[in-house]
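These notes are meant for a colleague who is opening this structure for the first time.

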Amino acid sequence: MDRLAALFEALAFSEVATFIASGNVIFASRSSGARLEEQIERHLRAELGYEVDTFVRTRAEVAAVAAFQPFPPAVMADAANTVHVGFLKGELSAAQRRGLEACRSATDEFRVDGREYFWLCRGIKTHESKIWAAPELRALKLPTSTMRNVTTLRRLAGEFPA
């Protein structure tokens with residue numbers, strides 16, 4: 001994570017910090033959005049020698065995602081369930097959104113909100129879920145995303161000053 005922080009500092013970002021060993025980098029920049037994602041991706045590709053998809057969100061966006069309740073409160077609070085958030089570069093098409101939300105099983109369910117999708121995995125460990133191999137989900141040809149556990153996002157959001 002020290003190397004990752006140094007790569008962001010080399011871009012002249014300020015307030016650079018990493019958050020847990022998962023590729024989360026907190027930083028301040030005057031740039032924003034897709035232009036910032038492209039700048040970071042170019043830099044990481046040049047420095048690391050391989051492609052690194054980058055998904056940038058503002059502090060306010062991370063806080064809003066962490067606070068969002070895509071499923072009923074009792075479901076979200078149930079310790080047997082896990083909720084992950086998938087971050088996308090842009091919004092899904094209407095067909096992809098409908099298709100993803102239609103992909104469900106006894107254990108898995110999805111909700112889409114803007115540039116994020118929420119995956120509920122009930123009662124099993126996420127790596128035990130078979131949903132990602134489901135033909136109907138694979139047929140959607142979803143764009144690249146990165147996923148974080150909603151608990152991690154809430155911890156991350158708590159790191160931000162009010």
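1. A residue is called buried if its relative accessible area is under 20%, and Phe118, with a relative accessible area of 1%, is therefore buried. Please keep in mind that the model is a predicted one.

2. Over the whole structure, a search finds nine aromatic pairs. One of these is formed by Phe68 and Phe118, whose rings are tilted, with 5.1 Å from centre to centre and 40° between the planes. Because Phe68 belongs to the loop between α3 (59-67) and α4 (73-77), while Phe118 belongs to strand β5 (residues 116-122), this pair ties together parts that are 50 residues apart in sequence.

3. Trp119 and Trp132 make an aromatic pair of the edge-to-face kind, at 5.4 Å centre to centre and with 90° between the planes. Trp119 lies in strand β5 and Trp132 in the loop between β5 and α6 (135-138), so that parts 13 residues apart in sequence are tied together by the pair. Trp119 is buried, its relative accessible area being 4%, while Trp132, at 27% relative accessibility, counts as partly exposed.

4. Which aromatic cluster includes Trp119 and Trp132? These two residues form one aromatic cluster together with Phe110 and Tyr117.

5. A ring may also have a charge over it, as with Phe55, where the charged end of Lys89 sits over the ring at 5.0 Å from its centre.

Methods
Residues are numbered from 1 along each chain as its sequence is written. This is a predicted model: local features need pLDDT of at least 70, side-chain atom pairs count only at pLDDT 80 or more; totals for chains, interfaces and linings use all residues. Side-chain values use heavy atoms; hydrogens and water are left out. Rings of Phe, Tyr and Trp (its six-membered ring) pair if their centres lie within 6.5 Å; planes under 30 degrees apart count as stacked, over 60 as edge-to-face and the rest as tilted. Helices (H or I, at least four residues) and strands (E, at least two) are DSSP runs, numbered from the N terminus. Buried means under 20% relative accessible area, exposed over 50%, partly exposed in between (1.4 Å probe, protein chains only). A charge sits over a ring if NZ of Lys or CZ of Arg is within 6 Å of the ring centre and within 35 degrees of the ring normal.
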